[in-house]
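Subject: Structure handover

Hello,

Here is the structure for your files. My notes on it follow below.

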Amino acid sequence: MNPPSKLVVAISSRALFDLDESHRIFEQEGREAYCRYQIEHEDEILTPGVAFPLVRKLLVMNEHLGTPLVEVILLSRNSADTGLRIFNSIQHHGLDITRAAFTGGRSPFKYVAAFGAQLFLSADAGDVADALNDGQAAATIITAPARGSESDQLRIAFDGDAVLFSDESERIYRSAGLEAFAENERASAREPLPGGPFRNFLAVLHHIQTQFDADSSPLRTALVTARGAPAHERVVRTLRAWNIRIDEALFLGGLDKSQFLAAFGADIFFDDQKSNCEAASRHVATGHVPHGVANPPPPS
């Protein structure tokens, strides 16, 4: 399969901007009060949200590439009327975002595929779950102050199982324990892991990286996993089988990931386990991927 010609990232307005006050009004006073508030304040510029530095670096990559190979799409539950404040803020901050879907309160997840996006970032966990169930890479942005790494380079970090890879090995660990997990990984070391929800997103990032030598790339990736030896070998061989370059691989053997993510200078980190995400979000922007055995569906 040929890689797509463009990296397309879809993002919600609450992930891009700080809309906490507006959302509080919506939850406490209802939709009509929210709409009035947004219209009354549509000339007030919104401050950056937790994913704003990531979006800015994504768009700046087009300057390095010399051709627009990265696009950011806005997907919002706002109506076009209340969404005017969002676009005013986009223009004020100089973000090159021209395409959007305003869904008037409905989940926008179906537009992820329609726009050809390889990643959807949202503050709404339900929308993210819908997108993942639809086969899209998606993550819930953990609320935290906006922060970017000091580097001009865009740095993206991933957990392995249930994010880049399937959760089949994680299921063995949870059902049979660490020894059974390690034995399975030794026995399957030369058998590539099935891909997880973020495999295609990583492949598109790799495609961008191939247009630069490693020293001049505006993009750097890292695998940050709780796996250690001997479970590392299957991961290495899987990435080799996929013909995907990942710049750094940290096999932590169960150590807390937070300080390592800060040392890497991640602009965003994706993990399937909520506790890992909450710890990491104190240091770097973090997206929770509610996929796999660590995220069972709620009881019906």
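Contact here means heavy atoms within 4.5 Å. Helices (H or I, at least four residues) and strands (E, at least two) are DSSP runs, numbered from the N terminus.

Before you go on, note that this is a predicted model: local features need pLDDT of at least 70, side-chain atom pairs count only at pLDDT 80 or more, and totals for chains, interfaces and linings use all residues. Residues are numbered from 1 along each chain as its sequence is written, and side-chain values use heavy atoms, with hydrogens and water left out.

Two residues belong with this region. Glutamine 136 sits in the loop between α7 (125-133) and β5. Glutamine 136 is buried, at a relative accessible area of 13%. Leaving aside residues up to four places away in sequence, glutamine 136 touches Val112, Ala113, Ala117 and Ala131. Threonine 140 is in strand β5 (residues 138-141). Threonine 140 is also buried, with a relative accessible area of 10%. Its contacts, again not counting residues up to four places away in sequence, include Ser122, Ala125, Val128, Thr286 and His288.

**Helix α9**

Which residues of helix α9 (residues 178-187) are buried? They are Phe181, Ala182 and Glu185. Seen down the axis of α9, these fall within an arc of 95°, so they line one face of the helix. On the other side of α9, Glu179 and Ala187 are exposed. The buried residues of α9 pack against α8 (168-176) and α11 (232-242).

**Helices α2 and α3**

Two packed helices are described by the angle between their axes and the distance between the axes. The axes of α2 (residues 20-29) and α3 (residues 31-40) come within 7 Å and cross at roughly 150°. α2 and α3 are therefore roughly antiparallel to each other. On the α2 side, the contact is made by Glu21, Ser22, Ile25, Phe26 and Glu29. On the α3 side, Arg31, Ala33, Tyr34, Tyr37 and Gln38 make it.

For the conventions: axes are lines fitted to C-alpha atoms, for helices over the stretch in contact, and angles run from 0 to 180 degrees between N-to-C directions. Angles under 35 degrees count as roughly parallel, over 145 as roughly antiparallel, 65 to 115 as roughly perpendicular and the rest as oblique.

**Glutamine 209**

Glutamine 209 lies in helix α10 (residues 199-209). Glutamine 209 counts as buried, at 1% relative accessibility. Beyond residues up to four places away in sequence, glutamine 209 touches Ser217, Leu219, Arg220, Thr221, Arg245 and Asp247. Aspartate 20 is 189 residues from glutamine 209 in sequence and 36 Å away in space, C-alpha to C-alpha.

**Whole chain**

The protein chain has 13 helices and ten strands. Buried residues make up 51% of its 300 residues. The C-alpha atoms fill a box of roughly 60 × 50 × 35 Å, taken along the principal axes. Among contacts between residues at least 6 apart in sequence, 75% join residues at least 24 apart.

Best wishes

Note on methods
Buried means under 20% relative accessible area, exposed over 50%, partly exposed in between (1.4 Å probe, protein chains only). The arc is that of the directions from the helix axis to the C-beta atoms.
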